[in-house]
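The sequence and structure come first.

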Amino acid sequence: MQLIVENYILFGNGLAWTFGLAVLTLVFATVISLFVGIMSITRNRLLTVAARIYVEVFRDIPLLVSLFFIYFGAPLIGLPLDPFSAAVVTLSLWGGANGAEIVRGGFNAIPEHQRTSAAALGLKPWQIYWYVIAPQALLPIIPPFTGLFTLLVQSTSLAALIGVPELFRMAQIVVERTTIMEGYSPAFTIFGAILVVYYLISAALNALTSRLERAMQHRLKARGAADMGSVRRQAEESV
Amino acid sequence: MSYQFDTSYIWGQSDALGAGLLMTLKVSAISILAAVGIGILGAIVRVMQVRGLSAVVAGYVSFIRNTPLLVQIFFIFYGLPSVGIHLSIFNSGVLALVVWGAAYNVENVRGGLLAVPDDLRDAGAALGLKPIQFMLLIAVPLGVRVALPSVLNTSISILKNSAYLQAIGLAELTFVAMERISLEFRTLEMFAAIGIIYLALVLGLSIAVRALEKRLHRPFETA
């Protein structure tokens, strides 16, 4: 406990880096998700195949391997990245691949009759997507999306392995230093405390999610939109 | 741009990569089996609402799912020795993956068990089955079948996440690749090699899971 108090500046800085990493990643990952997710539901074969390959590569290769690849590989093609940028790029691409699957699931869950009914009413294709499909598909995927956010926040800890001075890296430094200087290992307490901090961050995110979800359910019910539960289930299954 | 991609280098490293792959498969296979077993037990405890134990399992699941696996691995490998539990790198790795995977499997199997219709419970009671008998003889065989796809997805995640164990020095695929890179600097070749290996493993398993899902669904299809 004393160690944590003594090193509060270190841990504070680490937490700031973790938050910076998380916020940037969440923003970029969301943009990529929407972009690639919509790409994958177009009728253009080239776009859907490109989206498919991107999604499969980033979802199937371990995040750690992608991170090392981008950090150590980028300089070789003449694009040196500092650890922080490499982490942001990798986590965003990984989050984007997973998010694109959620977005695709959301769109696919919209029953066909919504599209045909809108067409029968004389709406143009872009109007069908903008006014009918998109609002119904995008609102229900917010909960699985926030689940992805929690996962992304946890994954920022991987950045420690390429030297980003975020929370977990700081914990490693404190553990190593104390082991050398004081002759005993505080790993149990320090890593235990870090686990609790991550848990609290996730718990806060989860609390936010369930409030959001309740508010949304209210709104959707009032509008008499397609059953949100089924849309959400389909979206979640794709994660 | 003086980097020359040398395909023959990869073939020259096939022994080292093979050894790494074998370790990855070994640590994953053991972890997956144990995680499924513990997951089923945990789910039974949760669904039968065993007093006291149920809350413990719920807390465990929530804690593991909401904290980073990498920190859990470090906690187990570096933290446990200071409270007198000494584990080898391999055993620490297995323990970390089992604890992580089982937490997800508890939720997966619980979802499956909850999908078992209540009618069956009544029918079981009418036949004189005790709740535990109903659970083991009827709900588990049915529920696990329902939960199988998500359990297998978690199992694939365990295989992918075994790469995290390179951070504590387990000589699995990623570790081997990183070690060769630090010695010989054939970065792109090595990443291409392990990237393709992981992709083939995960993609192959995913396709198998999808086929199995279809096969399991067959009795319920209408004409």
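## Charge pairing between the chains

A salt bridge is counted when a side-chain nitrogen of Lys or Arg lies within 4 Å of a carboxyl oxygen of Asp or Glu. In this predicted model, the number of salt bridges between chain B and chain A is zero. Polar contacts do cross the interface of the two chains: five residue pairs are found, both residues of each at pLDDT 80 or more.

## Extent and make-up of the interface

On the chain B side, 35 residues are in contact with 36 residues of chain A. The area buried between the two chains is about 3,200 Å², and carbon and sulfur atoms give 78% of that area. Three residues, B:Asn66, B:Val71 and B:Phe75, supply 18% of what chain B buries against chain A, more than any other three residues.

Four helices of chain B, α3 (53-65), α4 (69-79), α8 (173-184) and α9 (187-217), each supply at least two residues of the side that touches chain A. The most comes from α9(B), with nine residues. By residue class, the side of chain B that touches chain A has 23 nonpolar, ten polar and two charged residues.

## Aromatic pairs

Over all chains, the structure holds 15 aromatic pairs. One of them joins A:Tyr54 and A:Phe58, with 5.4 Å centre to centre and 55 degrees between the planes, a tilted arrangement. These two residues are about one helical turn apart, because they lie four residues apart in helix α3 (residues 45-60) of chain A. Both A:Tyr54 and A:Phe58 are buried.

A second tilted pair is formed by A:Phe188 and B:Phe75, whose ring centres are 4.9 Å apart and whose planes stand at 35 degrees. This pair crosses between chains: A:Phe188 belongs to helix α10 (residues 187-223) of chain A, and B:Phe75 to helix α4 of chain B.

Which side of this pair is buried, and which is partly exposed? The relative accessible area of A:Phe188 is 32%, so A:Phe188 is partly exposed. For B:Phe75 the value is 18%, and therefore B:Phe75 is buried; the cut-off for buried is under 20%. B:Phe75 is also one of the three residues named above for their share of the area that chain B buries against chain A.

## An aromatic cluster

A:Phe168, A:Phe191, B:Phe74, B:Phe77 and B:Tyr78 form one aromatic cluster.

Conventions. Residues numbered from 1 in each chain as written. Chains lettered and ligands numbered in written order. Predicted model: local features only at pLDDT ≥ 70, side-chain atom pairs only at ≥ 80, totals over all residues. Heavy atoms only, no water. Contact = heavy atoms within 4.5 Å. Buried area = accessible area lost by both parts, 1.4 Å probe. Polar contact = N/O pair within 3.5 Å; in protein donor to acceptor, adjacent residues only side chain to side chain. Nonpolar A, V, L, I, M, F, W, Y, C, P; charged D, E, K, R; others polar. Phe/Tyr/Trp six-rings, centres within 6.5 Å; stacked < 30°, edge-to-face > 60°. Buried < 20%, exposed > 50% of the residue type's maximum accessible area, 1.4 Å probe, protein only.
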